[in-house]
Amino acid sequence: MAPVFIFIEDIQKALDSDKKEIMIPRETRISAAAFDLIKGNDIRIRFVGDQKDDALKAPVDPTQETQASPAVGRISDGELEKVVDLVISRIKGAKSQESSETVKKENGPTDDDLVICRCEEITKGEIKEVIKNGIKTPNGIKRITRAGMGLCQGQTCQRLVTQILATGLGINPTEIKPTTGRAPVRPVSFSAFSTG
Amino acid sequence: MPNKADVVIIGGGVTGNAIAYNLAKEGLKPVVIEKSDIGGEASGSTGGGVRQSARNLKEMPMAMESIRLYGQLHEELGMDVEYVREGNLRLCTSEEELETMRTSVENQKSVGLNLEMIDRKQILKINPFVGEKVIGAGYCPTDGHVNPFLVTYAFFKKAKSLGALYHTHEEVTDIRLRRGKVVAVITDKQEVETDLVVNAAGITGRKVANMVGIDLPMRPVFTEALITEPYPPFFKQMIGHAKGLFYGRQTVHGPFLWGGFVGTETFIHQGGKPLFHFIGPAISRMVIDFFPILKDFHVIRTWSGLIAQMSDGIPVLGLVDEVPGFVFATGFSGHGFGLAPVIGRLISELIMDCEASIPINDFCYSRFYRGGDHECACKGNAACTTVTAICPNKREWLKSI
């Protein structure tokens, strides 16, 4: 859905008609000037099809994104409590999932979809699957998943694979022996290689 | 308290995993002990050719059955193993090579293999990229190639899901015998009580045999291979050479894989797996000679591996009279990968039913001193230590006393 913008004119209209509340659809972007006007006049914003965690997704001032989310609209103490609870539970959830499990988003890409080996397009999920099945060395992971078999010979993904393996086995990455180094360091054509 | 196992398989390569899978399918709980990772040695360095042609004729019934099994492997194991059955070309460049190839083709035809001699024109129809000097070839349309890592892994995964137990990164240090029979396998981490041990240790098969006091005429032969970066599909056949000097294929991912021999490999190996400065270039020269179109393709990786070469070039399989409870499945002499599915089944049959459905008498250990007249099957007697619960012969024997 394309973003809907709310400009200073719309706020001015609301002020002129003495309303202290405006209804806007989700995903609405608010211009900087309009935002100042809303703040200055204590206007309350409501979303069309309001739901309980809407407050979390309150539109953010495009010019002040680095600031802490400004209090657009007002929420009651009860609502605030709900929001705080929601935030806390999400932070806790994220921490417990940090080590291995994925942060699932509906229909969206997950942590497991992260491409680790760019040459062969091997994802984190594929590597974790192999570790789960009992493969314990970077060489083993390379053979089965192909991570590190591409053009760059694992120069990009080797450290990441080691990290994933260390997490999977619950050991320090320094305890893991790297994959066997394979000549040539850079791709060499048959004609050049054949001259020895 | 020491662990107990119905059967211990030493070696987690493709053979060990295939045996473990077949035994687990029969309801046993085999324990597999592997000193590195699954498929970490020869199964991790092979070229992946799956062929019947150019084999010892004694292996032919097994090889043909193995090709059939490879065709259904992805269904059986529930995993794609990138099997391509598009034929094997064994290229000849001289009249002398053609003559040798003709004899070999006739011999193989006589044992029922479907293959033929083809001339340059026919070769070009199958593979238009061969160089000028190729004048003929032996062509077996049912040969092919496979991703060796995935086959090993697929057997491993399936065996594990059926109840096989795996101890990787654990080395067998000794096998304990009592009154000449196997009673336990000792590793650097534990002791496993068992009366049945399968030696599927490949290149270390000789060392394992030494643990029970017998020796094998086996030595490691060094080999090297290289792979290019991925290219669009050129040809699907497995390529070989009349004298076996080089072999290769284009994998389904696009890279070309070539391996080869220069003739000094038997003598240069001193242990470990180094790379020698002259083998890679020698392979490259052969590749350019036979496939000039690949001249400017880029090599990105080279590696080496060890072949468990037997004095007579065929594996050792089956029971050993001298040591009841010890089973061989090693010494494949560089062409064991193509046989793995059938070896898994036959060794499992030998253990479960005391007899293999395809006779393996020619591969018995006793061939080294008794010739081929020995019958490799468990007769079921006092000497047989196979687990009573699974051995019908032994149950019969127990009833009779």
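## Before you start

This is a predicted model, where local features need pLDDT of at least 70 and side-chain atom pairs count only at pLDDT 80 or more, while totals for chains, interfaces and linings use all residues. Residues are numbered from 1 along each chain as its sequence is written, chains are lettered from A and ligands numbered from 1 in the order in which they are written, and side-chain values use heavy atoms, with hydrogens and water left out.

## Where chain A meets chain B

Let's begin with the two chains. On one side, 29 residues of chain A are in contact with 36 residues of chain B; contact here means heavy atoms within 4.5 Å. The area buried between them is about 2800 Å², and carbon and sulfur atoms give 60% of that. Buried area is the accessible area (1.4 Å probe) that two parts lose on being put together, summed over both. In chain A, the residues that lose the most area to chain B are A:Arg143, A:Phe190 and A:Phe193, together 28% of what that side buries.

What about polar links? The rule finds 12 residue pairs in polar contact across this interface, both residues at pLDDT 80 or more. A polar contact is a pair of N or O atoms within 3.5 Å; within protein, one must be able to donate a hydrogen and the other to accept it, and residues adjacent in sequence count only if both atoms are side-chain atoms. Salt bridges come to 0 across the interface, a salt bridge being a side-chain nitrogen of Lys or Arg within 4 Å of a carboxyl oxygen of Asp or Glu.

## A threonine in chain A

A:Thr179 sits in the loop between α6 (158–169) and β7 of chain A. Helices (H or I, at least four residues) and strands (E, at least two) are DSSP runs, numbered from the N terminus. Is A:Thr179 buried or exposed? With a relative accessible area of 18%, A:Thr179 is buried; the cut-offs are under 20% for buried, over 50% for exposed, and partly exposed in between (1.4 Å probe, protein chains only).

The side chain of A:Thr179 makes a polar contact with that of A:Gln158, at 2.8 Å. Setting aside neighbours within four places in sequence, the contacts of A:Thr179 also include A:Pro138, A:Asn139 and A:Lys142.

Over in chain B, B:Ala209 lies in helix α7 (residues 205–211) and is buried, at 0% relative accessible area. Beyond its neighbours within four places in sequence, B:Ala209 touches B:Asn199, B:Ile214, B:Leu216, B:Phe326 and B:Phe328.

## Aromatic pairs

Over all chains, the structure holds 20 aromatic pairs. Rings of Phe, Tyr and Trp (its six-membered ring) pair if their centres lie within 6.5 Å; planes under 30 degrees apart count as stacked, over 60 as edge-to-face and the rest as tilted. One of the pairs is B:Phe235 with B:Phe291, stacked at 5.2 Å centre to centre and 25° between the planes. These two come from distant parts of the chain, 56 residues apart. B:Phe235 is buried at 6% relative accessibility, and B:Phe291 is buried at 0%.

B:Phe326 and B:Phe328 also pair: their planes are at 85°, so the pair is edge-to-face, with centres 5.2 Å apart. B:Phe326 is buried at 0% relative accessible area, and for B:Phe328 the value is 0% too. Ring pairs also build a cluster, with B:Phe129, B:Tyr231, B:Phe235, B:Trp258 and B:Phe291 among its members.
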